[in-house]
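These are my notebook entries on a structure that I had not examined before. I record what I looked up and what I found.

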Amino acid sequence: MPLNLKTLTVRKKKKVLEAVKNRKRKRGPDFSDVEECVVKWFKQCRDANVSVGGPILKEKAENFAKSLGHEQFEPNNGWLENFKKRHDISFRKVCGESVGVSDNVVNEWKINLNETALFYKCMPDKTLTFKNEQCSGGKHSKEQLKLLLAVNMTGTDKLKPLIIGKSRNPRCFTGVKSFPVDYTANKKAWMTSELFAEWLLRINKPMKIQKPIKVKFLPPNTTSKSQPLDQRIIKTFKTLYREEIVRKIISDMDDEKSTVIDILHAMRIVDKTWRNVATLTIVNCFKRVDLYLNLGKTTH
């Protein structure tokens, strides 16, 4: 049979391509030492029922890379997706004892303007986890504070958050002379008309300087649609807050310390988190409810 050079060339080409593909499949990560550290650390977090999301995992990988002298390492989304595939990791909702918020509590703050219940010791309710692992987040604390957030339409003026607790002078306040956010208290840690009036009076003086100022109350039972903070601002804030809780727990794990999150810690995290809510997020939420148009039509 005569030799068909064209067929032979095609066969050789296929073999070469297949060999290249096999090498790519077998090739490990470019920074194997970084990957090894991240995997061991991630297993430690999951053994301790610590919820870990993508941003925190990338942040930790970057820290390991710097410690190992790999300044060129870049933990981008592509690296994260490949890391998850290599180690059979998926993003799942935490089950078991980690569910700690009832529908009644959620409905309670939805009808209270921009007031929200903050379960200040809780971690995120979703985590990266090994696919064959039972996804448990441990028992979450149901201790809560009430939080009042206020911001202007452009996101350029975030007022200092107000936290409402149950104890007027918590033990953690001993010796502390200044606080990053405002704090008040009553027996049930609820917002009352008296506390709201006090808050309005407290912000009255700086507001007068920017005259004219008008107070407008939104219609009852419509805040989920007409309140920008209920659209996505509060949700974004809580996501960032819980990420900070995870960072603190991980930092304490690295230092072999037990994690304590008291009201003072919560106040500091609230302050940092509120400042980190992006201006673009705030502007988009106001646009979504068309508040610019509603206020423009209002006459007093």
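**Entry 1: an accessibility value.** I began with Glu36, which has a relative accessibility of 46% and therefore counts as partly exposed. I noted that Glu36 forms a salt bridge with Lys40, and that the closest N and O atoms of the pair are 3.3 Å apart. Both residues belong to helix α2; because they are four residues apart there, about one helical turn separates them. I also noted for the record that the model is a predicted one.

**Entry 2: the overall content.** Of its 300 residues, 39% are buried. I turned next to contacts between residues at least 6 apart in sequence, and found that 70% of them join residues at least 24 apart.

**Entry 3: a pair of helices.** How are two packed helices described? The angle between their axes and the distance between the axes are used. I looked up helix α2, residues 32-47, and helix α4, residues 77-86. They pack at an angle of about 65 degrees, and their axes are 12 Å apart. Angles of 65 to 115 degrees count as roughly perpendicular, and α2 and α4 are therefore roughly perpendicular to each other. I recorded their crossing as right-handed.

Which residues of α2 and α4 meet? On the α2 side I listed Glu35, Val38 and Val39, and on the α4 side Trp79, Phe83 and Arg86. Sorted by class, this contact has four nonpolar residues, two charged residues and no polar ones.

Entry 4: Side chains of opposite charge can pair when their charged atoms come close. I looked up the count for the protein, which is twelve salt bridges.

Is Lys84 buried or exposed? Lys84 is buried, because its relative accessible area is 16% and the cut-off for buried is under 20%. Glu81, at 39% relative accessibility, counts as partly exposed.

I then looked up a network: salt bridges with shared partners join Glu59, Glu244, Arg247 and Lys272 into one.

Another pair is Lys60 and Asp254, whose closest N and O atoms are 2.5 Å apart in their salt bridge. This pair links distant parts of the chain, since Lys60 is in helix α3 (residues 54-67) and Asp254 is in helix α8 (residues 228-254), 194 residues apart. Lys60 has a relative accessible area of 13% and is therefore buried. Asp254 counts as partly exposed, with a relative accessibility of 41%.

**Entry 5: positive phi values.** Ala189 is not a glycine, yet its phi is positive, at about 55 degrees. I located Ala189 in the loop between β6 (182-185) and α6 (193-209). Its relative accessible area is 3%, so Ala189 is buried.

Glu256, also a residue other than glycine, has a positive phi near 55 degrees. I located Glu256 in the loop between α8 and α9 (263-276). Is Glu256 buried or exposed? At 75% relative accessibility, Glu256 counts as exposed.

Key. Residues are numbered from 1 along each chain as its sequence is written. This is a predicted model: local features need pLDDT of at least 70, side-chain atom pairs count only at pLDDT 80 or more; totals for chains, interfaces and linings use all residues. Side-chain values use heavy atoms; hydrogens and water are left out. Axes are lines fitted to C-alpha atoms, for helices over the stretch in contact, and angles run from 0 to 180 degrees between N-to-C directions. Helices (H or I, at least four residues) and strands (E, at least two) are DSSP runs, numbered from the N terminus. Angles under 35 degrees count as roughly parallel, over 145 as roughly antiparallel, 65 to 115 as roughly perpendicular and the rest as oblique. A crossing is left-handed if the near helix is turned anticlockwise from the far one by less than a right angle, and right-handed if clockwise. Contact means heavy atoms within 4.5 Å. Ala, Val, Leu, Ile, Met, Phe, Trp, Tyr, Cys and Pro count as nonpolar, Asp, Glu, Lys and Arg as charged, and the others, Gly among them, as polar. A salt bridge is a side-chain nitrogen of Lys or Arg within 4 Å of a carboxyl oxygen of Asp or Glu. Buried means under 20% relative accessible area, exposed over 50%, partly exposed in between (1.4 Å probe, protein chains only).
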